[in-house]
Structure formats: structure tokens, C-alpha cells
Amino acid sequence: MLRTLDLANLPDADVVALALEGRDAAHRELIARYERPVFSLVFRMVRDRELAEDLTQDTFVKVLSHLDRYNADFKFSSWLFKIANNVAIDHLRRRQLDTVSMDGSPHAMTADAVEASRFDVADDAESALDEMEARELGSVIERAIATLRPEYRSCIMLRHVEGRSYEEIATTLDLPLGTVKTYIHRARHELRRALEHTRE
Amino acid sequence: MNHRHLLPNEIDLLVDGEAGFGVAPLRAHILECRDCEARLSDARVVVDALERLPHLAPDSRLADRVMAQVPVFVPAHVAARDTVTRWMPRSAAARVAAIVAGTSAAASLTLAMLWLAMRGDAVVFMGGVVSDRLSAGFASGVREVTLALLGPSALAAIGATGALGASLLVVGFALTAVCTVLGLRRLTLAGRRA
């Protein structure tokens, strides 16, 4: 019998193998490991909480329903992020969005809906002041990220929020390594200009 | 001093913390050139801000919603293995004992089947004898019961009419029993209502 503690200590490849054996707990472990990174990436791509929830759900349903197609030669997280990015990009191709709010969905019609769509920020801020400063800086950079092209956005998020190497990003997004470097360079440049503008 | 300012990709190398030997001259240049130092500092502000961005939490019911749409299929070989594992004792000694007992039982059954297969005629003969004895015993029992309940004249009448008479008797008995039960039930219900 599988216990949660056992699963938490296993590498991704082993958890995937258990999920392929039809273990419900292994599926849930994969969701627990990656729901925040995937949701964060998708949200920062589409910038709408409810939509990001739906797209994150679609991503996990696709991944977990087709686990047999996962190639264990690559990192599971790279495959997962590739699908999450594709889901978000597909959506953006169908619909153009250009506003961002950390304080609730722009489509919320009532105060309750705004409150319900606020973020639980998974942050380790040491004090209320730290938290406020982090939130303020976070808001500025979030708004700046929102102005980037979607391809730049996914590259910069994978590089600096998920800590992926250039090579991993190239594999994940099916892009040449040089293109990834160019996108990240341009994204940093645009973000720097946006932050300078804010400071002025 | 090298008077060429760093190129954007060279600033990126420093921001990314690259450690190749080609980076050493770039670091040395930064120590001497205030313009490039300022550019590097600006670039680091952006990267630091990005790296401080938190992970955002989705709705806590995400896993349930996902699992409601994911068909979880347990392959037959896994189900069989799980069943064996469930029945297998936990301690090593008990497991060895179970394996020995199981192997012995399987070997005994196999030998018994082989023995029976080699003596097919004897098995058919024995089966016929046992079947005849059982059917004769059953018929005798039924006759004794009928005689005790209905008397010798009824038994003679049933014997005269054969299978049809016996069938009518059984159907009549069943109908009487059912009608009696239904009548008693109705009486009980009427008594409760009153």
C-alpha cells in the first residue's frame, strides 16, 4: 500500500511510473508538486485568474490523461511546462488580453467576486513591511511582464521564476538555443526600461 | 585598461553568473568602468525582481477537479500483483512458510489430477455408482415423507397418476402455502390499523 510520505520523497520519474500503474495518489502527487509553478506560468501568460485556473486544469488533464506518451529521457517538468505553455499560447492566439491585476480578476463584477479572485501569494515575507514592499515591487514587475510578447514572457518566467537553464528552456519550448537567449535578452531589456520608467 | 564597453550579451553573461574563463576579463572591466558597472547593476535589479516573484496558488480544489476528468486505469498485471501482495504475509518467515504451503498444495493437487486422469474409467464408474445411490436415496426419502403425511391411499393415487399427479400435488401445496401466508399478513395489517 502506498503512503503519501513515500510519494513525496520519490523523484518525478518514479511518481510518473506509479501513476501509469493507475495509482490515484501518484496523480495527485504530481498535481501537488506542480500546480503552483504551472498556475503561475499560465497566469502570467493570460493575466486572468479564472481563465488561468481553467487552463491549468486543462494542462493537468492533458498531461495526466496521456502520461503514456511521456518520454522518460526528458524531465517531467519540462514536458509539463511545454504543454502548459502551448495551452496558454493557443489561448492567446484566440484572444488578446492586455491588463493585469494582482488584486482580483478584471472581469469580476461584484466586490465578492473581486475578493474571490484575489491571489494567495506563496511568499515567505518576514514581516508585514517586507510583504508590502515585495507586493509593490511584484506589482510593478508583474505589470511590466504583462507588456512583453508572449514568447518573451514564457522564456523569462521559465528562466527567472522556475530557474531553468537556457538549454532546458530551448527543449521545453521547442526553440533554438540562440532564439531563447535573444528572447531573454530582449525581455530583460524591455523590463529594465519599464522599471526605469516607473522609477522616474 | 580596456576602453571598450561591454556588449549587451556580455552583460547577460555576468547577470547569469557564467563562470567560464572568458568571463574573468569582463569582471575585471566592470571593476574599472563605472558605466558598465551601472549597466550591470540595472540589469541585476530586473533579474532580482523577477527572481523574487512568488508562485501563485490556484484554487485548493484543483486536484479534485482534474482527477474528476482523468480516467485512472489499473492494468490487469498491476491488479493481479496487488492482489498477491495483499494476501502475502508481511514477515519474511511467514512469507517463506506461505510460499512452501502454497507450492505443496499446488503440487498435491497437480499429482491428484494426474492420478485421476490416468484412471479415467475408474472415475466414471465411481461417479455412476455415487449418482445412482444418491437418486435412489432421494426417491426413497420422498416416498417415506409422503406416506407419513398423506397415508398409503394417497401414495397409491400418486403412483397411479405418475409424474402429473405428483406435479399437481406440489403446485397445490405451494398455492395453499402462499395463500395462507398472504391471508395471515392481511389479518395482521387489519389488526394493526384497528
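Student: How many helices and strands are in the secondary structure of chain B?
Tutor: Chain B has nine helices and one strand; helices (H or I, at least four residues) and strands (E, at least two) are DSSP runs, numbered from the N terminus. This is a predicted model, in which local features need pLDDT of at least 70, side-chain atom pairs count only at pLDDT 80 or more, and totals for chains, interfaces and linings use all residues. Residues are numbered from 1 along each chain as its sequence is written, while chains are lettered from A and ligands numbered from 1 in the order in which they are written.

Student: What pattern does chain B follow along the sequence?
Tutor: The pattern is α-α-α-β-α-α-α-α-α-α.

Student: What percentage of chain B is made up of buried residues?
Tutor: Of its 194 residues, 6% are buried. A residue is buried if 20 or more other C-beta atoms, placed from the backbone, lie within 10 Å of its own, exposed if 12 or fewer, and partly exposed in between.

Student: And how many buried residues does H5(B) have?
Tutor: The count is zero among its twelve residues, and H5(B) is hardly covered. This helix, residues 76-87 of chain B, reaches 17 Å from its first C-alpha to its last, close to the 16 Å expected at 1.5 Å a residue. The expected span is 1.5 Å times one less than the number of residues.

Student: Changing topic, at what angle do H7 and H8 of chain B pack?
Tutor: Helix H7 (residues 120-150) and helix H8 (residues 152-161) of chain B pack at an angle of about 130 degrees, with their axes 7 Å apart. Axes are lines fitted to C-alpha atoms, for helices over the stretch in contact, and angles run from 0 to 180 degrees between N-to-C directions. H7(B) is therefore oblique to H8(B). Angles under 35 degrees count as roughly parallel, over 145 as roughly antiparallel, 65 to 115 as roughly perpendicular and the rest as oblique.

Student: Which residues of H7(B) and H8(B) make the contact?
Tutor: H7(B) contributes B:Arg143, B:Thr146, B:Leu147 and B:Leu150, and H8(B) contributes B:Pro152, B:Ala154, B:Leu155 and B:Ile158. Two residues are in contact if their C-beta atoms, placed from the backbone, lie within 7 Å.

Student: How many residues does each chain bring to the contact between A and B?
Tutor: Chain A brings 37 residues and chain B brings 32 residues.

Student: Which helix gives the largest share of chain A's side?
Tutor: H3(A) does, with eleven residues.
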